[in-house]
Amino acid sequence: MSDTDTGTTPVITEEQQLAELAAAASTAPIEGGLREYWHTYLQRVRAGDLGSLPAVGGLVLLVIIFSLAQSSFWSLGNFGNLITQAAPITLLAMGLVFVLLLGEIDLAAGTTSGVGAATTAVFVYNGMNWVLAVILSLAVGFVIGYFVGFMRAIVRVPSFVVTLALFLALQGVVLWLVNSVHASGNIPLKSSVLNALEQSNMPLWLGWFMGILLLAGYLAVKLYDRHARRSRDLPAEPLLITGLKAGAMAVFILVPIGLLSQDRSLNKNPTVQNVNGKLVQVPHKSLEGVPWVVPLVVVLVIVLGFVLSRTRYGRHIYAVGGNDEAARRAGIRVEAVRISVFVIGSMMAIVSGIVLASRLSVNSAEGGGNTLLLAVGAAVIGGTSLFGGKGKITDAVIGAMLLAVIANGMADLIQGDNSAAIQFIVTGGVLLLAATVDALSRRRAGSTGV
Amino acid sequence: MADTPILRMRGINKSFGPVHVLKDVDFDARVGEVTALVGDNGAGKSTLVKCIGGSYPIDSGTYEYDGHPVVVHSPRDAGALGIEIVYQDLALCDNLDVVQNMYLGREQVKGIMLDEGSMEVSAKEVLESLRVRTIASVRQRVSSLSGGQRQTVAIAKSVLWNRQLVILDEPTAALGVAQTAQVLDLVRRLADQGLAVVLISHNMNDVMQVADKITVLYLGQIAATVNRADVNQTQVVELITSGRSGDIGLKNGAGAAA
């Protein structure tokens, strides 16, 4: 009965076009060499799938501009500062990627991180063991996230409103916590372990060991994937491409470690100190090594990245973000997924708050609106869509680096009474720019189908 | 085997308040056959499908699946029996690829890790078994697919999940000529692979091309269930518009007769 031919005799060019579109919209490695990869990449960019291109491009551009404008920007000491400045924003943005993947927003993430800083500092101040203090603070984050998720998924109040309300309320909570210790509005974080996160560095050998471990792990995962696909006769990434990517990773991992392994203290002369009433010449103590916060960020990037890209739960997050009705019909518990992303977002905010407190002492204005804006900006600038369904954990890292460069570069470049004002304006502008790129590339991708 | 219908509904009644939408409806679907369900707007096609799919409870009548009387309370129950309904809005995730969509909610895992390789292989096998050549890569995002290709993915999903009865709601309504031909071809192959297919369509050309049996609903009653080979298009159109055609159809609206 099916004697009617389906008319599948298209012109060759049309078939080629379809194959090119398929390659550009592919989520798995395609066959071919460098040329094919480059061609497909160009097609993707042209179709509006920019990925982290704007962020990486912007990063390079800004580094060049700031380096030319001021010599101090391109110094080792400043490089170390950049890392520790970017760390809390990165951690906050990593949690926000989960929330943004569902097309939701958590305006309270910044103040939640303030709560994390305050609770940890208060617990430790009152003599609690730092491990217990961190666990309890994370539990507070869980409760906050669950509350937001419940209000959004079950009560169905838009997340914008729920988190705006919490943004205000949690500011009050932070104030309360800080005042409970010091009416002055400042609590020191009295834990040498937690302070070490942002203020101490790994031994040099450990830094290098971590770098080589990361590189070996990256290669092992790549080769395992390749083997898994090859053994099933599926197209796998060509070795040349894998090699190039590994080379890029090597540069990306080892060069910063190399830079951080130099002594980056400004004053390399011996100093004179007052020891027991006598003036003693103390030999120069060198400031070198990878800050301890880096392994924390790296481990969380790996764990959360694994969850998003290789587990059922991660797949369900993308599905709910892409089309929640389709996800529901496929039997996914959409409400549970929705609640869970807010829980992850809030708990990451707490982690970010602890790191923030480790850098400075905790004050009552901790984690205000600016921190949040920076974190949302970091995720979006890195390539995570505000419309849901598109984004990666590494977006947060790249975006946060870019914002840290902006903040760091401008703080020195623009001096005077209005320097803070200009920073606010520029940061706001960058966030708007990133959101605009997101909206435009989405429109373009919608019309080309990639 | 073809004598015992996999779906056998007898004397189905369904009312919404005072409106009697389905009146003593008998409906069968058989393995290896395409049963077309046709009727004018408001004849009760959608209601019948929603009763089969568990979205609406039936007021009275018997619902037998695979020879056993069953009670279907929800779409989940229907899914558990092996019934798949492909609605017009296809419910695919644009941001996921073909394999990810076909396995959505039933991902295969090795430990806690997704087993992407084996999912990709079996998705390919299913598409090959249906002789689908229109999808260039099973790893392309659904956003890059045309309407016909999307329909293909949605239909192929039911084969992958080992459904026995697939109900297609207007699968060609939004498609061009070439794509319609592809989807109809696929419908035919589903039946040839041993599934029972119910095709709801307004397009008489589609129906005459692929159906084995045609069931005509007229104002909530079954006007007739006929073999495709025994009728021509004019007769079917008459059945749809007036409930009878020559000897077949309703006798002055007094009940079903074959």
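Visitor: Hi! What does helix α3 of chain A look like, and how far does it reach from its first C-alpha to its last?

Guide: Hello! Helix α3 of chain A covers residues 53–69, which is 17 residues. From first C-alpha to last it reaches 24 Å, close to the 24 Å expected at 1.5 Å a residue. Keep in mind that this is a predicted model.

Visitor: Which residues of α3(A) are buried?

Guide: Those are A:P54, A:A55, A:G58, A:L59, A:L62 and A:F66. Looking down the axis of α3(A), you would find its buried residues within an arc of 130°, so they line one face of the helix.

Visitor: Okay, zooming out. How many helices and strands are there in chain A?

Guide: Chain A has 17 helices and four strands.

Visitor: How much of chain A is buried?

Guide: Buried residues account for 40% of its 450 residues.

Visitor: What about the radius of gyration of chain A?

Guide: It is 24 Å. A compact globule with 450 residues would have a value near 22 Å, so chain A agrees with that. As for the box filled by its C-alpha atoms, that is roughly 100 × 50 × 45 Å along the principal axes.

Visitor: What share of the contacts in chain A join residues at least 24 apart?

Guide: If you take contacts between residues at least 6 apart in sequence, 78% of them join residues at least 24 apart.

Visitor: New topic: how many residues does each chain bring to the contact between A and B?

Guide: Chain A brings 36 residues and chain B brings 33 residues. On the chain A side, the elements giving two or more residues are α1 (12–24), α9 (204–230), α12 (312–322) and α13 (324–329).

Visitor: Which of them gives the most?

Guide: That's α12(A), with five residues. By type, the side of chain A that touches chain B divides into 15 nonpolar, 13 polar and eight charged residues.

Visitor: What scores does the predictor give the complex?

Guide: The complex gets an ipTM of 0.86 and a pTM of 0.88.

Visitor: And what pLDDT does chain B average?

Guide: Chain B averages 88, and 96% of the residues score at least 70.

Key. Residues are numbered from 1 along each chain as its sequence is written. Chains are lettered from A and ligands numbered from 1 in the order in which they are written. This is a predicted model: local features need pLDDT of at least 70, side-chain atom pairs count only at pLDDT 80 or more; totals for chains, interfaces and linings use all residues. The expected span of a helix is 1.5 Å times one less than its number of residues. A residue is buried if 20 or more other C-beta atoms lie within 10 Å of its own, exposed if 12 or fewer, and partly exposed in between; C-beta atoms are placed from the backbone. The arc is that of the directions from the helix axis to the C-beta atoms. The radius of gyration is taken over C-alpha atoms; the globule rule is 2.2 Å times the number of residues to the power 0.38. Two residues are in contact if their C-beta atoms, placed from the backbone, lie within 7 Å. Ala, Val, Leu, Ile, Met, Phe, Trp, Tyr, Cys and Pro count as nonpolar, Asp, Glu, Lys and Arg as charged, and the others, Gly among them, as polar. pLDDT is the predictor's confidence in each residue, from 0 to 100.
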